[in-house]
Amino acid sequence: MRHALTIALLLILGAFLLAAQPSDASLESAWRRNRAWRNGGRIDPLQAPAAARGIAGKSQAADAAGSAVYIVRLSTAPPLSEYRGGIAGYPATATWDDGSDEEENDDDRVPEMLLSADASGVTGGESDSEPESVDLDDTNVDHPFPNATAPSPAPADEAPGGSATASARGGASGSGSGGCPRHRLRLSMDRPQVAAFASLLQRQQAQVASEAGVGDGDLLYSYKHTSNGFAARLTARQAWRLQRNPAVASVRRSRVFQRQTSDSPKFLGLPGKVWPAVGGQSKAGDGTVVGIIDTGIWPEHPSFSDKGFSSNLPSGWKGKCEQSSTFRCNNKLIGAKAFYGGFQRASGKPALTNDWLTPRDADGHGTWCAGAAAGNPVGLQGGGQVSGMAPAARIAAYKVFWTDRSSGNMYADESDIIAAVNQGVSDGVDVLSLSLGGLDPNDNYFNDLAFMRANAAGVFVAFAAGNAGAPGRSQGAGYRTVGNFAPFFLTVGASTIARGASLASAAAAAGTQSLPLSAIAGAGSTNNTVSCNGTGRGNSTGNGTLPGDGSAMPGSNFSSADGSSLTFTADGGITFTTSSSAAPVVADFSSRGPLLPPSATAQAPQPGNAILKPDIIGPGVDLLAAAPGKKIGETGGLARLSGTSMATPHLAGLAALIIQKYPNWSPAQVMSAMMTTARVTDTASSPIKSSTGGEATPWEMGAGHVFPPAMLDPGLTYDARDKDYQNFLAGQDLTRAKREFPGVSLSPLAVRNLNLPTITLPRLQGSIQVTRTVTNVGGSQSTYSVSGNAPAGVKVTVAPKSLTVDAGQKASYTMTFTVDTPSNDFKYGYIVWADNQGHSVRSPLVVQPLSR
């Protein structure tokens, strides 16, 4: 009788516990009702409805079966918690079942057997600096463009200080500038211990998935190098079960991303000073690998021919090419792979609409970006050439964009993107270029951990800012339109290179005729050019010639100095437009800030808690680069495109040049070199303009327009490493950071004190201090003095007022910002550290001074 009663009680208890679990329908309903409180992972149970327990998000809608693609990140044995050159930060004492949040120092726990290079470097010492402070208002120096006359580059075989440097990754040994090891640290994928550890992570992920009832057929990707986690197709119940697992840090739906869709090398000054500094155009980017995560690539295009390329691939390259009978790689295009598991499972349809399930590009976007970043020089009809920024670099193409059959829209699923990033880091790329983005007001920094860990692996990442234009113009109504805002990658806005705002226009009918320039208003003015939009071919009379490719309109440009009239043959009507050629101008479509903390549209930002984005602008309007052919086997042609998608590969290619010259620099130092030497004046020596006609602000252009002649010798750099970013994330959410980085000693860091080359202080009341640390990469001891302009209504004091720093050593300074005249508007200023060797290190200051 007692046994029967016991069994009955157990059955009743089991039924109660089963009833206590929310149904799939209630979970999905709660998920949909509560998107507003999504935070990309675990959510405070006090904020979340009881039925959901923390599952929320915004991405693909669940299908009829109630399932969708999710990204699951584990909180145990995370990779890259402290990158040291091998598998990067896997603690030697890590265990699977330890889910505690106990803090401990893991600085010495990286197994030596996993290191691919000696991680010991030049140790920093105390800098000799004056203790006095200085008020920026007292300097009274107008210094908007510190590098108007850039210093001559060092010879190709010398660093600025004269010490030997290698043109390829892992080059000559010996100490170099910057206080870092000479060898570029890479992920050692060929070491058995690394493979064994990656296999361990995959088994652990499979165990977690199995406990939640996730079958092998629903697992899409195992992330082992830039994340410890997996992507899978889950029901709401499976996602709920995973979220309750103490070994899981976060569960969130995979998001979707959109593309962010002429002689830019000459405009950027590459032929004169930059390419010669790295051995000439034929050597520019040699020894580096640029990864393009996009729509694929057209391998037959001459931009990707391997003529003249050695079969000796860069020493750190471990990748492969996903080849077929119709797709082949070579010694230029050394890696290619297609990722469509997330897209296919999310849409429930094959990832094929007039496309190939190979890395071949059916759209053209990825081919264009690959050509702009690292394409070979391609000659143009009538003279000139189109060239990538780093034409000697090798290329790896990762295809993540596909077209949905039902909607016709092309997009990339986040799970596929993370898989491509994971693959790129594993393969050994030096740079990743992602011309994609989206705008999610509830986004947060933790969603971009894969890119933080790519950064920790020594991979420079460039992201498009987006094409939403000024705030309030489209879906970006509110505080911002810029979409990619984490500090561990470069966010790139777009600008013109020779054609600015439209001034006047005149129409002409079809047929062969001559049009006097006098008929086009403004065509004879200084700094103006005439462009034509229509169908046909054109030539100027007299001494005039067609610059560029001389191809079919639109896109041909005629200078008013070339002749008194234009002769053309048109298939249809043509409109000639006169525009200012003073450049750069921030493009109308380029996304802007202000970028306040994530979810700032729903809550007031904290004082001093913001990051300036975009970081920088680069060429992105009406530019020529590679285009695919119409059928397999054709070499393809050229296309003119505009967008922050076009600016991003330009900056990615330029990063490859810096990495070639300084293979020991961290990605943060590469970003710093670009940003602190950026120009803020145009070709007419006036402040850079916005598309709206006024002066561009840092919220539109970041630190300014990239200026390659100065970026290879910046003098000082602002550095940040994985530990800094971990502490930065701890400052955002300490509880979440402990889950993401278990066993790591965390010291929460305020956003304002993250060592960025920009300073942004919204909602400032009273006074606040900001600290920065610089590294002397100039090759010899130098003394830097400070100058600049304080933002209006703000008193800025800098201490010390000068820094004397030995080569490879660091020095710190403190800035005190005090509200003098309150305002609700953002005010702008800058600070410049300059020495007597031609270095000027500029940082923008963005402050919103409020009354108490």
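**A walk through the structure**

Let us start at a link between two cysteines: the bridge of Cys321 and Cys329 is right-handed, with 75 degrees about the S-S bond. This is a predicted model, in which local features need pLDDT of at least 70 and side-chain atom pairs count only at pLDDT 80 or more, while totals for chains, interfaces and linings use all residues. Residues are numbered from 1 along each chain as its sequence is written, and side-chain values use heavy atoms, with hydrogens and water left out.

The structure holds one disulfide, a term for a pair of cysteine sulfur atoms within 2.5 Å. In the bond from Cys321 to Cys329, the S to S distance is 1.9 Å. How accessible are its two ends? Cys321 counts as partly exposed because its relative accessibility is 21%, whereas Cys329, at 17%, counts as buried. Here, buried means under 20% relative accessible area, exposed means over 50%, and partly exposed lies in between (1.4 Å probe, protein chains only).

Another cysteine, Cys369, has 0% relative accessibility and is therefore buried. Cys369 is one of the buried residues of helix H9, along with others including His365, Trp368 and Ala374. Helix H9 (residues 365–374) has 10 of its 10 residues buried, so the rest of the structure largely encloses it. Helices (H or I, at least four residues) and strands (E, at least two) are DSSP runs, numbered from the N terminus.

Next, look at a pair of helices. H10 (residues 414–427) and H11 (residues 449–456) pack at an angle of about 10 degrees, their axes 10 Å apart. The axes are lines fitted to C-alpha atoms over the stretch in contact, and angles run from 0 to 180 degrees between N-to-C directions. H10 and H11 are therefore roughly parallel, a label for angles under 35 degrees. Which residues meet? Ile417, Ile418, Val421 and Val425 of H10 touch Ala450, Phe451 and Ala454 of H11, where contact means heavy atoms within 4.5 Å. These residues divide into seven nonpolar, no polar and no charged. An α-helix has 3.6 residues a turn, so residues three or four places apart point the same way.

Our last stop is Thr491, in strand S18 (residues 490–495). Thr491 is buried because its relative accessible area is 0%. What does its side chain reach? The side chain of Thr491 comes to 2.6 Å from the backbone oxygen of Asn484. Leaving aside neighbours within four places in sequence, the contacts of Thr491 include Phe463, Val482, Asn484, Lys613 and Ile616.

Technical notes: Angles under 35 degrees count as roughly parallel, over 145 as roughly antiparallel, 65 to 115 as roughly perpendicular and the rest as oblique. Ala, Val, Leu, Ile, Met, Phe, Trp, Tyr, Cys and Pro count as nonpolar, Asp, Glu, Lys and Arg as charged, and the others, Gly among them, as polar. A polar contact is a pair of N or O atoms within 3.5 Å; within protein, one must be able to donate a hydrogen and the other to accept it, and residues adjacent in sequence count only if both atoms are side-chain atoms.
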